[in-house]
Amino acid sequence: MRKRSAKMKKIREFLNRLKIKTKIMVLYLTILLISFLMTFTIISQVNEAYIRREIGAAGVQTVNALKGNLGFIFENVTQFSNLIYFDETMQDSLNNVKSKNIDPLIQRRITKSLVNMLLSGDYISSVFIFDQFNNCYNSYKVGPIIVHGEELQNTQWYQEMKNADGNGFFIHKSEGILEFPTRGDKNYISYIKEIGDVNTYEPLATLMVTIDEATIQSYFQEVSAAYDSQFFIVDSNGSYIIAPNQYEKEFAEYVLDKNTGGNGYEVIKIQEDTMIMVSQDIGISDWRLVGSFKMDNIKALTPYYTTVILFIMCLNIIFVFICSMALTRFIFTPLSKLGKHMKMVEEGNFIPMELDDNHNEINSLKKMFNHMAKSIQKLIQKVKTEEQIIAKGELDLIQAQINPHFLYNTLDAVSALALMKDNANCFKMTQALGSFYRNSLNSGMNFVSIADELDCIKSYITILNIRYDDKIKVSYEVEEHLQNKKILKLLLQPLIENAVHHGIKGKDGYGHIFVKIFEDEDEIILEVKDDGIGMTEERTKEVFEGKAITGKSGFGIQSLKQRITLYYGIENPIMIHSEAGIGTEITVRVKQIEEGV
C-alpha cells in the first residue's frame, strides 16, 4: 500500500514539473486517442459494409451502361455492313469481277464507296472486301496495313462465316490476315460478314470491318476518370479481347473461376487492393464485360449509421468541453488578457500588464511583454526623431541646390543684357535677383511673413518677365489681415514656377497668373491659377509625383509636399486641377502658426 502511494506521489510530482505546453499536449492526445479509437472501430465496421453495398450497386449500373454503349457501337458496325451489302455500286462492281486481275475501274468504284462510308462511321477504323479471287479492296483511317489475302481460306473465322448463312459476327483481331508493320502490338475487333448477290444470294465477297481498341478504351476511360475503376472484355478462356490497365494475370484467374454472388457482384482481394468485381455478358460469342472498382480510396457516409456517428460525436464534445474548461481557466484567460494588451500596444497605448505571484510561463511572458513594449516605445520615439533629422537634412540639401541653379540662369540673362547694352533691364534684373535671394534666404529662418513671401514672388516674376519679354501677368488677391502671418518660406515659388513652365511658356501671347491667399478656420489657403495650355491627367500625375521636370530654379511640387508634411504635419496638403487648353489651378493648405515663430 505504501509502495503504491509512493509511486502515485512520484507521478503527481512528475506531472507538476511538466510545462503547461506539455500538459496540454498529453491531455489532448489522450482524449483524442480514446475518441478516435472508439470512432474508428465503430464507423469502420459499419462503413465497410455500406461502401461495399453502394459500390456494388453503382458498379452494376455502370457496367450495364457501358454494355449499352458497346452494344450501340456494335449495332452501328452491323448497320454499316448492311449499307455496304446493299449498296448498288458495290453489288454491280462485285458481280463484274471475272478474274484475279483487278480491274482499275472496279477498284476505284469500290474504294470510293468504302471511303464515303468510312467517313460516316466514327467507330470504324478500316474496311476490307475480299472478292472471289482474294483481291482486296480497302479503306482505312490509319496505316500502313499489310493484307495477306491469300491466307483467307485458311482461317477459322472464314469457315465459320461460310456456315453462318449470311449472318455477321465479331472476332478478336483477324488471325494474321492484317499486319501492322509500325504497330505490331495493335489490338482491334473485327466484324466478319459474307456479301452475297441480293438477287441470287450467290457469294460475292468477304467483308471485314475493324474497330480499334482505342475507340472502346475511350468509353472505359471516361468512366474510370470519375471512379477508381477499370474495365476489360474477356472470353471464357481468360483471353483478353480488351485488356485491363493492370492486374492482367489476377483478373484472368478471376474470370476462369468467376462467382458474382447474389447481388451481381463480388468482393475480391488482389495484392493489397480490395476490389468489387462486376461481370456482364455482352451478347457476342462468349465475351464478357468486366468492371473492377477499388474500395480503398472511396469514402462515403451512410444515413444508416447517422445515429451511431451522432452518439460518438456527443461523447467527443463532452470530452473536449471538459478539457476546454480546464484550459480556459489556466491558459486561455491569461492569454486573452495578454492579447488585449498586445492590441493596445499595436494602437500605440504602451500600458504595462499587471503581474501576479505565480511562477509559470504566463507570468514570465507578461514580464517579457512589458519589457518588449517599453523597448518598442523607446525605439519608436528614437526612429521618429531620426526620421525628422534625416528629412530636414534632405530638404535642407534640396534648398541648398535651389539658389545655384536659379542664380546661374539669371546671371546668364544678366550677362546677355549687358552685352546688348540693355542697362535698364540689366539693372532691373540685378535688383530683382538681390531681392529674391534676400527674401528666400531670410537669414536662415524657415518661416517668413506672407508679405515677404509675396515680395519674393514679385522679384521672381520680374526676373521671368525680363527673360520672357513681359509675357507673364500676375494678379494678387490677399486678405489684408494675413499679410503679417508667418508661413513656410518659398511656398508660392514652386507654384508660380509650375504655372510658367507647364502653362504659360507653351502658350502664344500673354499669360495670366492669379494668386489668392485667404483664411479657412485654422488654415491658410494659397491658390495659384493660370490660363496657360493646361496639362493632361497623366501629365498632372507626373508633376504631382515629382516625375516631371518643372525647372531648374526651385523645388518641385513633390518636394513642396514633403516640406509641408514635415513642418505642418499635413499628409495631403496639395490639390491640382488642370484641363488641357484651359489652364491649371493648384491649392495648398497650411496651418496658421503662432506669432513669434
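Hi everyone, thanks for coming. Please keep in mind that we are looking at a predicted model.

Let's start with the sheet. Five strands make it up, and it is open, running in the order β14-β16-β17-β19-β18 with mixed pairing. At the edges sit β14, residues 472-478, and β18, residues 574-579, and each of these pairs on one side only. If you compare neighbouring strands and ignore direction, they are turned by 10° against each other on average.

Now look at two strands inside that order. β17 covers residues 523-530, β19 covers residues 583-591, and the two pair in the antiparallel sense over 8 bridges. As a landmark, find E527 in your viewer: T587 of β19 stands opposite. There is a helix here too. α14, residues 557-568, packs on the sheet and touches β18 and β19. The direction of α14 makes about 15° with that of β19.

On to the charged side chains. How many salt bridges does a search of the whole structure find? The count is 6, and I'd like to show you three of them.

I'll begin with the one that belongs to our strand pair. E523 forms a salt bridge with R589, and their closest N and O atoms are 2.9 Å apart. E523 is in strand β17 and R589 in strand β19, so this pair links distant parts of the chain, 66 residues apart. Are these two partners buried or exposed? E523 counts as buried because its relative accessibility is 15%, and the cut-off for buried is under 20%. R589, with a relative accessible area of 26%, is partly exposed.

R109 pairs with D92, with 3.0 Å between the closest N and O atoms. R109 lies in helix α4, residues 104-120, while D92 lies in helix α3, residues 88-95, so the contact ties together parts 17 residues apart in sequence. Both ends are partly exposed: R109 has 29% relative accessibility, and D92 has a relative accessible area of 36%.

R539 and E542 meet through their side chains at 3.3 Å, N to O. Why are they separated by about one helical turn? Because they are 3 residues apart in helix α13, residues 537-544. R539 is partly exposed at 31% relative accessible area, and E542 also counts as partly exposed, at 25% relative accessibility.

That's my tour, and I'm happy to take questions. Thank you!

Note on methods. Residues are numbered from 1 along each chain as its sequence is written. This is a predicted model: local features need pLDDT of at least 70, side-chain atom pairs count only at pLDDT 80 or more; totals for chains, interfaces and linings use all residues. Side-chain values use heavy atoms; hydrogens and water are left out. Two strands pair if DSSP finds at least two bridges between them. Helices (H or I, at least four residues) and strands (E, at least two) are DSSP runs, numbered from the N terminus. Axes are lines fitted to C-alpha atoms, for helices over the stretch in contact, and angles run from 0 to 180 degrees between N-to-C directions. Contact means heavy atoms within 4.5 Å. A salt bridge is a side-chain nitrogen of Lys or Arg within 4 Å of a carboxyl oxygen of Asp or Glu. Buried means under 20% relative accessible area, exposed over 50%, partly exposed in between (1.4 Å probe, protein chains only).
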